[in-house]
Amino acid sequence: MNTDRLTQIREAIDELAAQCQPGGAPGNGGPALPAADVSARLARIWAMLSELDPELARRLPGYGFPP
């Protein structure tokens with residue numbers, strides 16, 4: 001697997017997790033990210049994972065993203 005891509009995925013997950021906490025949204029002290037924003041960010045992370053391992057994406061149909 002591409003370690004640079006895995007690093008990007010890890011960073012995206014860490015950033016999203018931090019921003020989901022109260023006070024973690026941009027500007028610190030604001031509310032956590034809205035659910036729609038979280039869903040969109042998760043979809044982008046899932047797309048990165050699917051790009052690295054298309055077989056994984058095929059084994060998890062119904063995850064909420066196109067096959």
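The chain contains three helices and zero strands, where helices (H or I, at least four residues) and strands (E, at least two) are DSSP runs numbered from the N terminus. Along the sequence the pattern reads α-α-α. This is a predicted model, in which local features need pLDDT of at least 70 and side-chain atom pairs count only at pLDDT 80 or more, while totals for chains, interfaces and linings use all residues. Residues are numbered from 1 along each chain as its sequence is written, and side-chain values use heavy atoms, with hydrogens and water left out.

Let me turn to the packing of the helices. Two packed helices are described by the angle between their axes and the distance between the axes. Helix 1 (residues 3-19) packs with helix 2 (residues 35-52) at an angle of about 165 degrees, and their axes are 10 Å apart. Axes here are lines fitted to C-alpha atoms, for helices over the stretch in contact, and angles run from 0 to 180 degrees between N-to-C directions. Helix 1 is therefore roughly antiparallel to helix 2, a term that applies to angles over 145 degrees.

Which residues of helix 1 and helix 2 make the contact? Helix 1 contributes Arg5, Leu6, Ile9, Ala12, Ile13, Glu15, Leu16 and Gln19, and helix 2 contributes Val38, Arg41, Leu42, Ile45, Met48, Leu49, Glu51 and Leu52. Contact means heavy atoms within 4.5 Å.

I now come to the interior. Buried residues, those under 20% relative accessible area (1.4 Å probe, protein chains only), make up 21% of the 67 residues in the chain. The largest nonpolar core has seven residues, namely Ile9, Ala12, Leu16, Leu33, Val38, Ile45 and Met48. Such a core is a set of buried Ala, Val, Leu, Ile, Met, Phe, Trp, Tyr and Cys residues joined through side-chain atoms within 4.5 Å. Helix 1 and helix 2 are the elements that give two or more residues to this core.

Leucine 16 touches Leu33, Val38, Arg41, Leu42 and Ile45, not counting residues up to four places away in sequence. Valine 38 lies in helix 2 and is buried, with a relative accessible area of 17%. With the same exclusion of residues up to four places away, valine 38 touches Leu16, Cys20 and Leu33.

Is arginine 41 buried or exposed? Arginine 41, found in helix 2, is buried, with a relative accessible area of 17%. Leaving aside neighbours within four places in sequence, arginine 41 is in contact with Glu15, Leu16, Gln19 and Leu33.

How values were computed: Angles under 35 degrees count as roughly parallel, over 145 as roughly antiparallel, 65 to 115 as roughly perpendicular and the rest as oblique. Buried means under 20% relative accessible area, exposed over 50%, partly exposed in between (1.4 Å probe, protein chains only).
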